[in-house]
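Open the model in your viewer and get ready to select. This tour moves from helix to helix, then to the ligands.

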Amino acid sequence: MAGLLFILSAPSGSGKSTLVSQLRSMVPNLDFSVSWTTRAPRGSEQEGREYHFIQRDEFLRMIAADEFMEHADVFGNYYGTARTGLVEAAARGNDLLLDIDVQGAAQVRKNMPQAITIFILPPNPDVLERRLRNRSRAEGGVEESVVQKRLATARHEIEKYHEYRYVLVNDVLERAAEELSAIVIAERSCANHAIDGKPQNPELPRYRKLAEQCLLQNSATRLQPVLASFGLSL
Ligand code: ADP
Ligand code: 5GP
């Protein structure tokens, strides 16, 4: 059975895009939903790969034509997910992964409560700031106002962590990527997915255990110091 919907949210700079590309190299049959946005391309981003980059009036036309499953204003730009993605992924026998903000995730969850939601936390504000700056530098220059806007928004986004089924901390990249893969594999096994046509993955019990540890209700000890570093409590 294909057609599972995975939703990933995280404050900008947490490492979500990095984790998504690791995940897609580790797990087959997972389509990435390419969003539409009015923001300008960044660094080496390519039209149709990271985003479909469109003008504001075209975005407004798509809203009016009800072409989005969800859309939101994030940092002053529009971002949206087309309705067609899930049907097209399922037709290819694949599941679909959305990388969307907390507002978009709330909209999708309302209509599709079966969506599997995953929140990714950076380890603390200093690491988040360093990652945002490193990325900006690698893309050709730090725009201070952009970094500050994203840092200021991070705390408000993190406050929503408890709305998600799973919560990960992206500290050591390899570990977070393995946890993310484990969640996808464990959720597929619950939905009676046959991975790669094999009846049973021999690693399945280990993945299930790893995924279970990332469930919101099993994460208090791991999350407490991270939330405290952002001035939040459990
Ligand atoms: P997001 O998609 O959440 O905005 P990115 O994936 O672009 O974030 O990552 C932001 C920066 O942090 C990038 O320079 C990336 O290489 C780096 N990064 C991501 N995850 C880790 C990690 N676990 N450890 C160290 N650096 C990381
Ligand atoms: P960035 O500009 O760094 O690529 O993304 C900024 C934020 O917009 C991130 O939190 C990302 O998850 C979110 N985002 C990307 N695509 C979509 C989308 O289609 N819908 C919504 N609601 N948010 C999106």
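In which hand, left or right, does α7 pass α8? Keep in mind that this is a predicted model. Now select α7 and helix α8, residues 204-213. Look along the place where the two helices meet. The crossing of α7 past α8 is left-handed.

**Stop 1: α7 and α8**

Stay with this pair. The axes of α7 and α8 lie 8 Å apart, and the packing angle is about 110 degrees. Angles of 65 to 115 degrees count as roughly perpendicular, so α7 is roughly perpendicular to α8. Show the side chains next. On α7, pick E178, E179, A182, I183, I185, A186, S189 and C190. On α8, pick L204, R206, Y207, R208, L210 and A211. These residues make the contact. Colour them by class: 9 are nonpolar, 1 is polar and 4 are charged.

**Stop 2: α1 and α7**

Select T18, L19, Q22, L23 and M26 on α1. They meet L173, A176, A177, E178, L180, S181 and V184 on α7. By class, this contact has 8 nonpolar, 3 polar and 1 charged residues. Notice E178 of α7: it takes part in the contact with α1, and E178 also belongs to the contact with α8.

**Stop 3: α5 and α6**

Hide those helices. Select helix α5, residues 125-138, and helix α6, residues 144-158. Their axes are 10 Å apart, and the helices pack at an angle of about 150 degrees. Angles over 145 degrees count as roughly antiparallel, so α5 is roughly antiparallel to α6. The crossing of α5 past α6 is right-handed. On the α5 side, show P125, L128, E129, L132, R133, R135 and S136. On the α6 side, show E144, V147, Q148, R150, L151 and A154. The contact of α5 with α6 divides into 6 nonpolar, 2 polar and 5 charged residues.

**Stop 4: ligand 1**

How many residues surround ligand 1? There are 13, and the closest are G13, K16, S17, T18 and R135. Zoom in on the oxygen atoms of the ligand. One is 2.5 Å from an N or O atom in the side chain of S17. A backbone N or O atom of G13 lies 2.8 Å from an oxygen atom of ligand 1. For K16, a backbone N or O atom lies 2.8 Å from an oxygen atom of ligand 1.

**Stop 5: ligand 2**

Keep K16 on screen and select ligand 2. Which residues come nearest to ligand 2? Of the 19 residues around it, they are K16, S35, Y51, Y79 and D99. Check S35 next: a polar atom in its side chain lies 2.6 Å from an oxygen atom of ligand 2. At G80, a polar backbone atom is 3.2 Å from an oxygen atom of the ligand. Finish at D101. An N or O atom in the side chain of D101 is 2.8 Å from a nitrogen atom of ligand 2.

Definitions and conventions. Residues are numbered from 1 along each chain as its sequence is written. Chains are lettered from A and ligands numbered from 1 in the order in which they are written. This is a predicted model: local features need pLDDT of at least 70, side-chain atom pairs count only at pLDDT 80 or more; totals for chains, interfaces and linings use all residues. Side-chain values use heavy atoms; hydrogens and water are left out. Axes are lines fitted to C-alpha atoms, for helices over the stretch in contact, and angles run from 0 to 180 degrees between N-to-C directions. Helices (H or I, at least four residues) and strands (E, at least two) are DSSP runs, numbered from the N terminus. Angles under 35 degrees count as roughly parallel, over 145 as roughly antiparallel, 65 to 115 as roughly perpendicular and the rest as oblique. A crossing is left-handed if the near helix is turned anticlockwise from the far one by less than a right angle, and right-handed if clockwise. Contact means heavy atoms within 4.5 Å. Ala, Val, Leu, Ile, Met, Phe, Trp, Tyr, Cys and Pro count as nonpolar, Asp, Glu, Lys and Arg as charged, and the others, Gly among them, as polar. A residue is near a molecule or strand if one of its heavy atoms lies within 4 Å of it. A polar contact is a pair of N or O atoms within 3.5 Å; within protein, one must be able to donate a hydrogen and the other to accept it, and residues adjacent in sequence count only if both atoms are side-chain atoms.
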